[in-house]
Amino acid sequence: MASLGHGLPDDQSPEAVANWLQQFPHARPQFTTLHFYLNNILKKDPPASTPVAKANTTDSTPVTSFGLVRAIDAPLTNQSLTDNPEAKVIGYCQGLYTFASQEERATLMTLNFVFTDGQFNGSTLSIFGRNLVTAKYREFSIIGGSGDLRMAQGLGTASTYFRDPVIGDILEMSFAFYRYTLPGPPN
């Protein structure tokens, strides 16, 4: 089973993508799990996330931060940076999260997980969903991917591993999803 991913120089050309999609009916789903830590550390230069917009009323809702939008570019590691400051970086979480509830501290997450090391180096997963910050576990949808993770579908969970209002948050992430491989010789 070959996976068409970022290993080929032309694999993202319009022709290569169209060819891959034409072969998709023959693709086989492959169940995959990933586990890592998202290190949203604010007390560093530059911070892993920063406000990019807020509503006129955001300051009047300090408990929920309703209307605040933050951009994030946080390292993904195989261990928490609180446990091992030299933990291996395997990628980055990049995107936006918006505080979208007036009743509780919850965000709408639109994020890409960009893998820069390991089996999925050069591939991405895209997620979309709600993050109720105070819940023990939060579930969200994996709605797609690129490279070796093209057409990925599944679920992810996040739990707070570390939280400090000044230093930032570290989330323990677990993903379970299907990715698709095409029949053929290995690349």
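Me: What should I know before reading the model?

Reply: This is a predicted model, in which local features need pLDDT of at least 70 and side-chain atom pairs count only at pLDDT 80 or more, while totals for chains, interfaces and linings use all residues. Residues are numbered from 1 along each chain as its sequence is written, and side-chain values use heavy atoms, with hydrogens and water left out.

Me: What is the mean pLDDT of the protein chain?

Reply: pLDDT is the predictor's confidence in each residue, from 0 to 100. Here the mean is 91, and 93% of the residues reach 70 or more. Over residues 1-10, however, pLDDT stays under 50.

Me: How many helices and strands are there in the protein chain?

Reply: Helices (H or I, at least four residues) and strands (E, at least two) are DSSP runs, numbered from the N terminus. The protein chain has one helix and nine strands, and along the sequence they follow the pattern α-β-β-β-β-β-β-β-β-β.

Me: Is threonine 64 buried or exposed?

Reply: A residue is buried under 20% relative accessible area, exposed over 50%, and partly exposed in between (1.4 Å probe, protein chains only). Threonine 64, in the loop between β2 (49-53) and β3, has a relative accessible area of 4% and is therefore buried. Of the 187 residues in the protein chain, 40% are buried.

Me: Which residues does threonine 64 touch?

Reply: A contact means heavy atoms within 4.5 Å. Not counting residues up to four places away in sequence, threonine 64 touches Phe99, Ser101, Gln102, Glu103, Glu104 and Arg105.

Me: Where does asparagine 121 lie?

Reply: Asparagine 121 is found in the loop between β5 and β6 (124-132). Because its relative accessible area is 45%, asparagine 121 is partly exposed. It touches Phe115 and Thr116, not counting residues up to four places away in sequence.

Me: Which residues lie nearest the centre of the largest pocket?

Reply: On a 1 Å grid over the protein atoms alone, a pocket is an open set of points where a 1.4 Å probe fits, with protein on both sides within 12 Å along at least five of seven lines; lining residues have an atom within 4 Å of a point. Here 25 residues line the largest pocket, and Asn40, Tyr97, Phe99, Val133 and Asp169 lie nearest its centre. Strands that each supply at least two lining residues include β1 (28-41) and β9 (168-181).
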